[in-house]
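User: I would like to learn how to read the fold and the packing of a model like this one. Could you take me through it step by step?

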Amino acid sequence: MKIQQISMFLENKPGRISEPCKILAANNINILTLSLADTQQFGILRLIIQDWQKAKEVLEREGFIVNITEVVATEVEDKPGGLAKILEIIEKEGLNIEYMYAFTFRSGDKAVIVFRFDQPDLAIKALQSKGINVLDSVQLYDKANQ
Amino acid sequence: MNSLPFENRIWDPAETIKPEERQIIQLELLKKVVERVYNTVPFYKTSFDNLKVKPEDINSLDDLRKLPFTVKENLRQNYPLGLVAVPKDGLARIHGSSGTTGKPVLVAYTHKDLETWANLCARFLVAGGLRKEHFVQISFGYGLFTGGFGLHYGVEKVGATIIPAASGNTARQILLIQDLKPDVLICTPSYALNIAEQAKQTGIEPKDLSLKYGHFGGEMWTEDMRKEIEEQLGIKAFNNYGLSEVIGPGVSGECYLQNGMHIQEDHFILECLNPSTLEPVKEGEYGELVFTSLTKEAFPIIRYRTRDLAYIDDSPCPCGRTTKRMSRVKGRSDDMLIIRGVNVFPSQIEEAILQVSGIAPHYLIEVTRPGVLDEIFVKVEIQPGYISDKMSEMQSLRDRVLRKINEITGLHVNVELLPPNTLERSTGKACRVIDHRKIS
Amino acid sequence: MSSFWHDAGSKFNPISSIDYLPRNFLEDIQLHRLQNMVKRVYDNVPFYRQRMDENKVKPEHIQSLKDIKYLPFTVKTDLRDTYPFGLFASPMNEVVRLHASSGTTGKPIVVAYTKEDIDVWCNVMVRSLSACNVDRGDIVQNAYGYGLFTGGLGLHYGVETLGATVIPISGGNTDRQIMILKDFNVTVICCTPSYFVHIIERANELGIDLKSSPLRVGIFGAEPWSEAMRQYIEREANIKAFDIYGLSEIIGPGVGNECICQNGLHIFEDHFYPEIIDPETLEPLPDGEEGELVFTTLSKKAMPMIRYRTRDITSFYNEPCPCGRTIRKIRKISRRSDDMFIIRGVNVFPSQIETALLTVEGSTPHYQIKLTREHGLDQMEIQIEVTKEMFSDRISEMEKLQNKFVQSIERIINIRANVRLVEPHSIPRSEGKAKRVVDLRKI
């Protein structure tokens, strides 16, 4: 059920984000979504990419530091209260969210929220038992390519 | 544990004279100091005149009660040297403590005062077992703060070896203890526990360190904390008391029996008063400590209200010292906080945040002691126009608050930025401080 | 003070009289003290005895001051190898103080003092202060850091012995420094020269005019500074700025000091015997030639030093000083013969930083130390290239790592450095080896 996420270390200075994007484009690799967390000094770029193995390979070849982490993608209705429902479940289980970000597809009325949990397996179980749709990678990229 | 250092030794014969004899000396010295301040310090002349009391009205120790009180505010109003009773070129040293506003409260010493001070510190250091051959690590801050210097000169007087480690950098403190093998540790009690804890975290058993005993002060602590320190570090832990307005550390200190701090009555008269009525409490009852200095040249002080709450024990001590003893301080009669040995007033935090643009004038101070070291959290609200989606900007706003507070109080605090209007607004007196520490 | 001393000038302190002895008298004292000291260390310190035996030199071979060249050198690593107490020449119960300074790796260098050593230190400090016209009536703000560093307590005891008023404010908190400076009519300030430049700039910002304040003397040391910096300080604060020299291994501040001529630092030669050698051949150089400064302590009890190589590069003055002092002068220290640098008055070796990084990561990452000076304040940034093992997708983990580096460095050098995590291969390498220190400060 878990999705592979690519994370990269970048210095917080002009032009740093464009470089990995250019490398991926040159290798015809498509980014489904991304999020950037930054501090005063550095940033961590997180990417969701279907062919993450190839992306990792080309980025590492260019000298970037790339880590693969497992995240959880859930589908919520793109309307008020959608996220709140999920957070309530997580809170009740006493689980920790390290970070999260969201995106929507071109079509449809659903949004996808990507979570990084400290205990992803417990989180998946809890969410599914409450009827939340947790996407595996096949489902995720199918929807993306629709 | 080596029991040898704790044999009973007396540094100064003045500690064991008959109380009646000491009272005669006290009265003589009191008359002198009252006359001197009346004639040399305009502040005291005015405050005596306001109460229509003259130096010649002091004919017994009880007459002390005719004299006006001195409070911290008076020291601030007379900043920098308005209360000094000697010509400026007679001053050897300036020290200070934090005031409630930007100006510190400063005190001054002549060479003779420094001599007196060193001797008083030597008294309680020896009472706790200090010998010439001991190594002493002083992990108090040096500087304007009196803690480091008071003890430093006391140890020097006894002739033991000083390792002037000063405060901070705990990992380095532990390295020094391991390598230089001091017998004695001098710092705040919470810092002693912090050293023990951090040693453990790095795989060092604190009991196996060379330390035999420690003299701790500068903040309030409890009997439980003493047990904790003694167990964790495998040492004897002694309490001492002092404040820079009176002289610094050395006003009182424990002997090896650890049952109350011997007050250096030949240099200070201590009263214990009900903070509301300002009448003396019964012996053994808690009250506010009020000190009058008898021998200080540069900065004599009359009936100084310390705001510290403790009680006095007049029963004889088996160690042979004939002075009265005071209990540990169990609280304050004002809102001052003591964080890691540093005095902090909520008004200082307020002053700091008012100087940072983007921060609303509301705050909450939470003090905790998660492990052994005090932690202070200051929660402040961001003003609506200053919220940024850039984490880096928010971090630098937080850092500005942090630095300002550090500049004013000298403390490293944790600052938490809150969205506008999240702190509770009370209609009456705002509750600015939540102290989660268990001290008394 | 007798009228005799009064005649010599109001600022003349009798303790300084030894600074004016005829050379032959001074040299007699030096030789006598040297012979006693060499005998004492030979008898009491196994390290020196062994070194001297290896060099086939016995105490009785020292018949003239020139014979000092037969004695073996002592270097910083000897202090490390004998750490902590291996070079002590006095019984422990006579030692009253320990101080510490930077070692080259994780451990500090420890130095010791007896009561007599402290007295000697006070004596040379009073002579230093008198040389820059500081006297009893002065109010001295001591902004050197107090603690194991010798700067703070060294100046403090000197001022106290002289009989002036000391304000032991220690380092940091510039606004408070300026407030006290102003409120107490301070006449003398002691700190690093760069920190005083910072004080000047901050005072200007606050609209406080130092030029019209009673401040008249600055005693600046613990780091190299230039003639241009002196002119700036003297002009902007309307004071006289003097250079003080010292190192913990020898005693601390007070090994040498400028006089009112401000043209070279007088060495208190009756206690510290100076030589200047060629750092390559280790041969003594003729007076006036530039080389490495070497000291032999003549009166230290707890921890005497024989021919200690300071690594400071300077030269002797040949001409007599117009101030009348007969003790020799050296030029301002121009550079070092090793890779040590000084930040905010604290000596740092790149190898110390390396040790600190190694402790955190188990291996030494690529790093570079960048030194800058903003408004007189030294900044040290340590750039560390992130490796795959260090990297986490969580900001909090990365911040934790950053903190670990900061703490590990602080533990060893006692300074909080800025640690900046940088991308791999972003530190330029020359022939595979990265340049470790980039010093962008203008001194």
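Predicted model: local features only at pLDDT ≥ 70, side-chain atom pairs only at ≥ 80, totals over all residues.

User: What does the radius of gyration of chain A agree with?

Analyst: The globule rule takes 2.2 Å times the number of residues to the power 0.38. For 146 residues a compact globule would have a radius of gyration near 15 Å, and chain A, with 16 Å, therefore agrees with it. Its C-alpha trace spans about 45 × 35 × 25 Å along the principal axes, and of the contacts between residues at least 6 apart in sequence, 70% join residues at least 24 apart.

User: How many residues does the largest nonpolar core have, and which have the most contacts inside it?

Analyst: In soluble globular proteins, nonpolar side chains tend to be buried together. The largest nonpolar core here has 197 residues, with C:F196 and C:I233 having the most contacts inside it. Its largest share, 9 residues, comes from helix α4 (residues 111-127) of chain B. Leaving aside neighbours within four places in sequence, C:I233 is in contact with residues including C:P193, C:F196, C:W225 and C:A241.

Notes: Residues numbered from 1 in each chain as written. Chains lettered and ligands numbered in written order. Heavy atoms only, no water. Contact = heavy atoms within 4.5 Å. Core = buried A, V, L, I, M, F, W, Y, C linked by side-chain atoms within 4.5 Å. Buried < 20%, exposed > 50% of the residue type's maximum accessible area, 1.4 Å probe, protein only. Helix = DSSP H or I, 4+ residues; strand = E, 2+ residues; numbered from the N terminus.
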